[in-house]
Amino acid sequence: MTFVDKHSVFGEYNTLYARTTVIKSRVGRFTYIGDAKIINSDIGSFCSIGVDVLIGGFYRHPVRWLSTHPAFFSTRKQCGHTFVYADKLNESAEGCRIGHDTWIGSRAMVMDGVVVGNGAIIAAGAVVTKNVEDYSIVAGVPAKPIGSRFAPDVIEILQDWKWWDLSADTLSRIAPHFSRQETWTVDDLRKVIGEVENADRIDA
């Protein structure tokens, strides 16, 4: 069963598959979510989020105190009892921010406070504990960079262009370019950008 709270906001053409949970989050246009749980996060446009992905919503526990149990630092009574009269730790960390055009593989986890850059790929099963650079590919536990989708000069052009802000009509017109080739240069991109220099963009 899919659940969305009243505080979450969506763009256009979003699909939430069965058993998806979205709480206190913003989801950009054309992003689809497959049976994932997203809490207190900002998700960009054109993102592909796989099955059983967890983004945000993790609670902090002290590592170097005598015990990690919340009965010794929280008044929330997670186990039905507490030994403290005031909270001693901020249990909820800041939310996640997922860039545009990211692909997050099945069963990946993105921990609270992490920023994932535009165009990044997070491999299936990865546990992301640190920020991910734009167009970086990360994998493993904890996740580490294993490659980049494009050369640095191409990434710079893509970041400036921000194709994900183009109107749907403009994207329909240039869509054939997106699958035309697997290797891209700055000159290749500039030719495509030249075709849509005066194109409509959505309101940022």
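The model is predicted.

Start with the whole chain. It holds three helices and 18 strands. Taken along the principal axes, its C-alpha atoms fill a box of roughly 65 × 35 × 25 Å. The chain has 204 residues, and 43% of them are buried. It exposes about 12000 Å². Carbon and sulfur atoms supply 52% of that area. Now take the contacts between residues at least 6 apart in sequence. Of these, 29% join residues at least 24 apart.

Turn next to the helices. H1 runs over residues 152-161, H2 over 168-178 and H3 over 186-195. In H2, the buried residues are Thr 170, Leu 171, Ile 174 and His 177. Look down the axis of H2: these residues fall within an arc of 95°, so they line one face of the helix. The other side of H2 carries exposed residues, namely Asp 169, Ser 172, Arg 173 and Pro 176. What do the buried residues of H2 pack against? Their partners are H1 and H3.

Val 186, Asp 188, Leu 189, Val 192 and Ile 193 are its buried residues. Down the axis of H3 they span an arc of 155°, so they too line one face of their helix. Asp 187, Arg 190 and Lys 191 are exposed on the other side of H3. The cover over the buried residues of H3 includes H1 and H2.

Rolling a probe the size of a water molecule over the atoms shows where empty space is left. The largest pocket holds about 400 Å³ of space. Its lining counts 18 residues, and the closest to its centre are Asp 101, Trp 161, Trp 163, His 177 and Phe 178. Which helices supply at least two residues each to this lining? H1, H2 and H3 each do. H2 gives the most, with five residues. By type, the lining divides into 14 nonpolar, two polar and two charged residues.

Now look at Ser 136. This residue sits in strand S17, which covers residues 136-139. Is Ser 136 buried or exposed? Its relative accessible area is 9%, so Ser 136 counts as buried, the cut-off being under 20%. Leave aside residues up to four places away in sequence. Ser 136 then touches Ala 120, Ile 121, Pro 145, Gly 147 and Ser 148.

Lys 77 is the last stop. Its place is the loop between strand S10 (54-55) and strand S11 (96-98). Lys 77 has 48% relative accessibility, so it counts as partly exposed. Exposed would need over 50%. How far is Lys 77 from His 177, C-alpha to C-alpha, and what is the separation along the chain? The two C-alpha atoms are separated by 56 Å, and the residues lie 100 apart along the chain. For comparison, the box around the C-alpha atoms is roughly 65 × 35 × 25 Å.

Notes. Residues numbered from 1 in each chain as written. Predicted model: local features only at pLDDT ≥ 70, side-chain atom pairs only at ≥ 80, totals over all residues. Heavy atoms only, no water. 1 Å grid on protein atoms, 1.4 Å probe; cavity = no way out; pocket = protein on both sides within 12 Å on 5 of 7 lines; lining within 4 Å. Points joined across faces, edges and corners; volume = space filled by probe spheres on them. Helix = DSSP H or I, 4+ residues; strand = E, 2+ residues; numbered from the N terminus. Nonpolar A, V, L, I, M, F, W, Y, C, P; charged D, E, K, R; others polar. Buried < 20%, exposed > 50% of the residue type's maximum accessible area, 1.4 Å probe, protein only. Contact = heavy atoms within 4.5 Å. Areas by Shrake-Rupley, 256 points an atom, 1.4 Å probe, with all protein chains shown as cover. Arc of directions from axis to C-beta.
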